[in-house]
Each structure stands twice: as structure tokens, then as C-alpha cells.
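Please look through the model below before reading these notes, which take its aromatic residues, a helix and the sheet in turn.

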Amino acid sequence: MEHEPTYQATLATQADTDALAAKLAPLLEPGDVVLLSGDLGAGKTRFVQGVARALGISGEVSSPTFNILLTYDGGRLPLNHFDLYRLDAPEDLEDVGYWETLEGDGASFVEWGEKFPSEAPDDYVDVHIAVDPAGVRTLTARAVGGPRSARLLSDWLA
């Protein structure tokens with residue numbers, strides 16, 4: 001498999017995060033999956049909130065830490081927001097309809113998706129957000145697996 005490109009963006013403010021998320025939203029198609037990783041407080045949920053607003057989803061978009069999955073309708077396409085932080089084993093994914101949701105008619109964002117690498121889909125965009133001591137965030141994104149994620153990443157950040 002040939003090496004997929006990696007892109008980086010510096011997010012000095014919340015507005016930077018929102019703008020980068022808004023740039024991704026119009027490119028999303030049903031079945032797209034974005035795995036989000038980073039420390040607690042890195043901005044994973046903030047990024048999903050920016051995508052949701054740009055998709056036209058109104059209302060509060062919050063972290064699904066205790067729900068595991070929240071689905072938002074009312075935008076250009078449904079937005080599925082997973083948080084796998086509280087799950088202990090890959091088998092727990094079946095209880096929350098993980099695969100059915102990823103293969104459904106919405107775009108899915110999975111926080112803490114790196115927890116179960118064997119359960120990652122075949123084609124997804126991997127986004128890692130790191131925060132330096134000054135609070136500046138660096139978003140690193142790469143396509144993993146297939147042509148759809150490569151095209152989505154290229155259109156989003158090239």
C-alpha cells in the first residue's frame with residue numbers, strides 16, 4: 001500500500017478549530033468516518049460541534065461520553081458522534097450499534113477510536129489533536145485504508 005499523505009494545521013483559537021471543521025462539513029458523504037484522538041480537553045468535541053453547525057444542525061451538540069453515541073439530524077446529512085472512552089472491550093461496540101451506525105446514512109465521528117484499533121473501519125480519516133503548553137492545538141490528519149478517505153482528506157486540507 002502506498003504511503004498516504006499527512007496534513008497538519010495549527011489551531012491557535014477556537015475560531016480556527018471551527019473554521020477547519022466547517023471546511024470539512026460540505027465534503028462529507030454518508031458512510032464517511034473520522035476517528036478523533038487526543039488528550040482530554042484537546043478539542044475533539046469542539047471539532048465535531050463545528051462540523052455540526054456547518055452541516056446545518058441546530059441545537060446543542062455535546063460530548064457523548066455517557067451516552068456513547070449521539071445522533072444529530074436536521075442538517076444536510078445525519079451526524080453520528082461516538083465517544084468510546086468509557087468502553088472496556090471491542091465487544092462493547094456491538095451493544096451500541098457501532099457497525100450499523102458507521103455503515104448507515106450519516107457521517108460518523110468517533111472520539112477515542114484508537115482504543116480499539118482492530119475495530120477501525122477499512123476506510124477512514126484519522127485526526128489527532130495535540131495541545132502544547134501555551135494552549136495552541138495542532139491537528140494532524142491522515143487517510144487510512146481506501147480511496148474515499150484519501151479523496152476526502154485531499155479535498156479538505158490540500
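1. Phe47 has a relative accessibility of 0% and therefore counts as buried, where buried means under 20% relative accessible area, exposed over 50% and partly exposed in between, with a 1.4 Å probe and protein chains only. Phe109 is likewise buried, with a relative accessible area of 0%. The model is a predicted one, in which local features need pLDDT of at least 70 and side-chain atom pairs count only at pLDDT 80 or more, while totals for chains, interfaces and linings use all residues. Residues are numbered from 1 along each chain as its sequence is written, and side-chain values use heavy atoms, with hydrogens and water left out.

2. A search of the whole structure finds five aromatic pairs; rings of Phe, Tyr and Trp (its six-membered ring) pair if their centres lie within 6.5 Å, and planes under 30 degrees apart count as stacked, over 60 as edge-to-face and the rest as tilted. The ring centres of Phe47 and Phe109 are 6.4 Å apart with the planes at 50°, so this pair is tilted. Because Phe47 lies in helix H2 (residues 44-55) and Phe109 in strand S5 (residues 107-111), the pair ties together parts that are 62 residues apart in sequence; helices (H or I, at least four residues) and strands (E, at least two) are DSSP runs, numbered from the N terminus.

3. Tyr98 and Trp99 form an edge-to-face pair, at 5.3 Å centre to centre and 80° between the planes. Tyr98 is buried at 2% relative accessible area, whereas Trp99, at 27%, is partly exposed. Phe47, Phe109 and Trp156 form one aromatic cluster.

4. Val51 also has its place in helix H2 and, at 0% relative accessibility, counts as buried. Leaving aside residues up to four places away in sequence, Val51 touches Ala21, Leu24, Ala25, Leu28, Leu79 and Phe109, contact meaning heavy atoms within 4.5 Å.

5. Seven strands form an open sheet of mixed pairing, in the order S1-S7-S6-S2-S5-S4-S3; two strands pair if DSSP finds at least two bridges between them. Strands S1 (6-11) and S3 (69-72) stand at the edges with a single partner strand each, so one side of each is left without a neighbour in the sheet. Strand S6 (residues 124-131) and strand S7 (residues 137-144) pair in the antiparallel sense over eight bridges, and Val125 stands opposite Ala143 in S7.

6. H2 packs on this sheet, touching strand S2 (33-37), strand S4 (79-83), S5, S6 and S7, and its direction makes about 170° with that of S4. Axes are lines fitted to C-alpha atoms, for helices over the stretch in contact, and angles run from 0 to 180 degrees between N-to-C directions. Helix H5 (residues 147-157) lies across S1, S6 and S7, running at about 145° to S7.
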